[in-house]
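Subject: The structure, plus what turned up in it

Hi,

Here is the structure I promised to pass on.

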Amino acid sequence: MSIVKNGIIALSLLFISSATIAIDKPSRDIVQEEKNRTLVINFYNDFFNKHQTNGAMNLLPEDYKQHNPYVPDGRAPFIAYFSSFFNEHPQSSARIIRTAVDGDHVWLHVHIKEDEKDPGKAELDIFRVKDGKIVEHWDVIQNIPSTAANSNTMF
């Protein structure tokens, strides 16, 4: 009998704690999340595909924070770094494959290429948006190999 009683108590506690967790979870602002996603996608296409670096002046704060170890912090250094890259690789492109958003973070899964002959790289970009500006960026970049151990693509 005590096993049944203990089981009922355990299940009751589980239901109570689950309800508390569900109540405490902050609600998502889907409208704002979609604005964040649109902001990042438009910035990404204008900057990395059209090479329109001047648009970054309005979307990145002066103290823009960068986590890619090869790109410096700050709006002006970011623009200078990629202006140089675009001069060296005028045919570079970045095709967004999929996106995700959660609150102020926007993820882009991207196929980046230096030119049409380049097999490219798979990239995951993560942006943090605050007050209509892109304030922080992380990325993970992986070369696309000529052969793979499986038949799946990286996209």
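Let me start with E62: with 64% relative accessibility, E62 counts as exposed, where exposed means over 50% relative accessible area, buried under 20% and partly exposed in between (1.4 Å probe, protein chains only). The E62 side chain meets that of R75 in a salt bridge, 3.9 Å from N to O. A salt bridge here is a side-chain nitrogen of Lys or Arg within 4 Å of a carboxyl oxygen of Asp or Glu. The pair links distant parts of the chain, with E62 in the loop between α3 and β1 (65-66) and R75 in helix α4, 13 residues apart. R75 is buried, as its relative accessible area is 14%.

Some background before going on. This is a predicted model, so local features need pLDDT of at least 70 and side-chain atom pairs count only at pLDDT 80 or more, while totals for chains, interfaces and linings use all residues. Residues are numbered from 1 along each chain as its sequence is written, and side-chain values use heavy atoms, with hydrogens and water left out.

The overall picture: the protein chain has four helices and five strands, in the order α-α-α-β-α-β-β-β-β along the sequence. Those are DSSP runs numbered from the N terminus (helices H or I, at least four residues; strands E, at least two). Of its 155 residues, 30% count as buried.

Now for helix α2. It has 20 residues (30-49), which at 1.5 Å a residue should span 28 Å, and its end C-alpha atoms are 27 Å apart, which agrees. The expected span is 1.5 Å times one less than the number of residues. Which residues of α2 are buried? They are E33, N36, R37, L39, V40, F43, Y44, F47 and F48. These cover an arc of only 160 degrees around the axis, which puts them on the same side of α2; the arc is that of the directions from the helix axis to the C-beta atoms. On the other side of α2, V31 and K35 are exposed. After α2 comes H51, whose phi is positive, near 60 degrees.

What do the buried residues of α2 pack against? Their partners are α3 (56-59), α4 (75-88), β2 (93-102), β3 (105-113), β4 (121-130) and β5 (133-143). With α4, it's a meeting of phenylalanines: F43, F47 and F48 in α2 meet F78, F82 and F86 in α4, a contact being heavy atoms within 4.5 Å. The axes of α2 and α4 come within 10 Å and cross at roughly 50 degrees. That makes α2 oblique to α4, since angles under 35 degrees count as roughly parallel, over 145 as roughly antiparallel, 65 to 115 as roughly perpendicular and the rest as oblique. Axes are lines fitted to C-alpha atoms, for helices over the stretch in contact, with angles from 0 to 180 degrees between N-to-C directions.

Back to the charges: the count comes to six salt bridges. R28 forms one with D102, the closest N and O atoms being 3.8 Å apart. That pair joins distant parts of the chain, R28 in the loop between α1 (2-24) and α2 and D102 in strand β2, 74 residues apart. R28, E33 and D102 are linked in a network of salt bridges. E34 and R37 are three residues apart in the helix, so about one helical turn separates them.

Cheers
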